Amino acid sequence: MGERVTTPQPVSAGGLLDLIRSGRANTRAALQRATGLSRSTVGQRLDLLNRAGWLRHTTGASTGGRPSERIVFDPAHASVLAVDLETRHARAAVLDLAGAILAEHTGPLDITEGPDHVLDHVSGWFPDLIAAAGADASRVCGIGLSVPGPVDWEAGQVVEPPIMPGWDRYPIRERLQEAYARHVGTSLEGGPVPVLVDNDANLMALAEQQASHRDCGAFVLVKVSTGIGAGVVVDGHVYRGIDGGAGDIGHIRVHDRADALCMCGSYGCLAAVASGRALAKELSGADGNAASGSDVRRLLAEGHPDAIRLAREAGRRVGEVLVTVVTLLNPGVLMLAGDLSGVPFMTGVRELLYQRAMPRTTANLQIVTSRLGDHAGLIGAATTVVEHLYSPARADARLAGILSSQSGRP
């Protein structure tokens with residue numbers, strides 16, 4: 001039996017949008033070359049995208065003849081809401097589709113009070129945020145939510161989160177959609193507003209990789225705050241594992257602290273000895289006046305000697321685990337983020353990595369700290385929404401709905 005020959009499918013309007021957004025083709029001629037479509041077909045598909053309001057047309061530099069028309073994605077035609085939940089506070093922001101923050105609010109919020117209270121409280125910030133951004137509430141296309149726990153990506157639910165009691169398998173997506181409708185109204189295209197939920201380290205990794213390390217094909221971010229987690233980006237995509245558990249390095253057991261009780265209920269986890277919570281516990285007994293990772297961050301900024309010593313020791317602990325991570329993934333960039341990610345912690349990580357890992361493993365490895373800081377989770381959450389809503393298949397489905405609505409058909 002001969003090999004089956006498949007016929008390439010014509011590139012849809014969503015496919016053209018993907019080429020335009022990525023910068024691979026930004027003129028009609030370039031789109032024709034990239035797709036093999038005729039000039040008239042490219043024109044028809046661009047017309048669909050123009051009618052939806054997704055494109056912007058500019059005039060390129062002249063090369064002696066008529067200036068070429070440059071076609072780009074318009075990041076101002078809609079906006080995104082992003083929420084970054086931490087253990088003791090939350091951030092929310094309105095962003096344009098390019099990830100620029102238009103308005104932002106940070107407030108105290110205890111994640112242990114449960115999802116009903118937390119999600120409704122955060123949703124109450126949305127109307128003022130949208131107004132402060134000068135955005136049109138009817139043009140909000142989605143909400144991205146960053147949470148400090150493992151997430152089942154497809155279901156949009158947190159799964160067995162050690163530091164989020166009451167959140168396990170809670171229907172976050174549906175609850176946030178209800179709260180949004182109550183506080184703001186309907187979504188851009190009618191129906192429930194799209195909500196995407198992911199782990200904070202994943203979203204931070206995506207934002208940081210796209211902002212500063214786009215050419216890095218294997219990127220690892222380690223967040224050390226109240227807990228410890230890692231986000232992995234491979235070839236521009238977050239690697240989540242089969243059920244969202246990838247990167248949960250805070251619950252790898254260390255060999256010499258079987259007495260340390262972790263928030264997950266086990267003993268000897270890395271987070272039980274090297275997280276912000278663990279250091280705060282030690283410092284509170286040494287007149288450090290610390291109750292959380294953010295308090296440790298403050299003490300480090302003040303030059304508190306015990307905080308500096310403990311942060312360096314924590315860096316060595318985490319570095320011991322990262323030897324395996326770096327050897328397995330062979331990343332080009334290892335980024336340290338979170339409350340502890342200053343010089344003392346990084347020094348400890350470097351000491352262990354360069355001492356224990358093979359030189360071949362670290363020869364081309366950059367060890368850096370966060371560039372986006374406290375905004376990384378917000379930008380990553382918004383980026384995830386945009387990547388989802390404007391992916392080729394999803395864009396085509398949305399175009400059909402938008403154009404049907406414009407034509408007045410049911």
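1. A helix axis here is a line fitted to C-alpha atoms over the stretch in contact, and angles run from 0 to 180 degrees between N-to-C directions. Helices (H or I, at least four residues) and strands (E, at least two) are DSSP runs, numbered from the N terminus. The model is predicted: local features need pLDDT of at least 70, side-chain atom pairs count only at pLDDT 80 or more, and totals for chains, interfaces and linings use all residues. Residues are numbered from 1 along each chain as its sequence is written, and side-chain values use heavy atoms, with hydrogens and water left out.

2. Let's take the helix pair next. Helix α2 (residues 28-35) packs against helix α3 (residues 39-52) at about 110 degrees, and their axes are 10 Å apart. That makes α2 roughly perpendicular to α3 (65 to 115 degrees counts as roughly perpendicular). The crossing of the two helices is right-handed, which describes a near helix turned clockwise from the far one by less than a right angle.

3. On the α2 side, the contact (heavy atoms within 4.5 Å) is made by R28, L31, Q32 and T35, and on the α3 side by R39, V42, G43 and L46. These residues divide into 3 nonpolar, 3 polar and 2 charged; Gly counts as polar, Leu and Val as nonpolar, and Arg as charged.

4. Now to the sheet. It is open and has 5 strands in the order β12-β11-β10-β13-β14, with mixed pairing; two strands pair if DSSP finds at least two bridges between them. The edges are β12 (237-238) and β14 (366-369), each with a single partner strand, so one side of each has no neighbour in the sheet.

5. Strands β10 (residues 218-224) and β11 (residues 228-234) run antiparallel and are joined by 7 bridges. K223 has G229 of β11 as its bridge partner, and L221 has G231. The hairpin from β10 to β11 passes through 3 residues.

6. Two helices pack on this sheet. Helix α7 (residues 200-212) touches β10, β11, β12 and β13 (333-337), and its direction makes about 45 degrees with that of β11. Helix α12 (residues 343-356) touches β10, β13 and β14, and its direction makes about 165 degrees with that of β14.

7. β11 is mostly covered, with 6 of its 7 residues buried (under 20% relative accessible area, 1.4 Å probe, protein chains only). Antiparallel to β11 runs β12, with 2 bridges joining them, and V234 has H237 of β12 as its bridge partner. Their hairpin has 2 residues between the strands, and D235 there takes a positive phi near 50 degrees.

Conventions: Parallel < 35°, antiparallel > 145°, perpendicular 65-115°, else oblique. Buried < 20%, exposed > 50% of the residue type's maximum accessible area, 1.4 Å probe, protein only.
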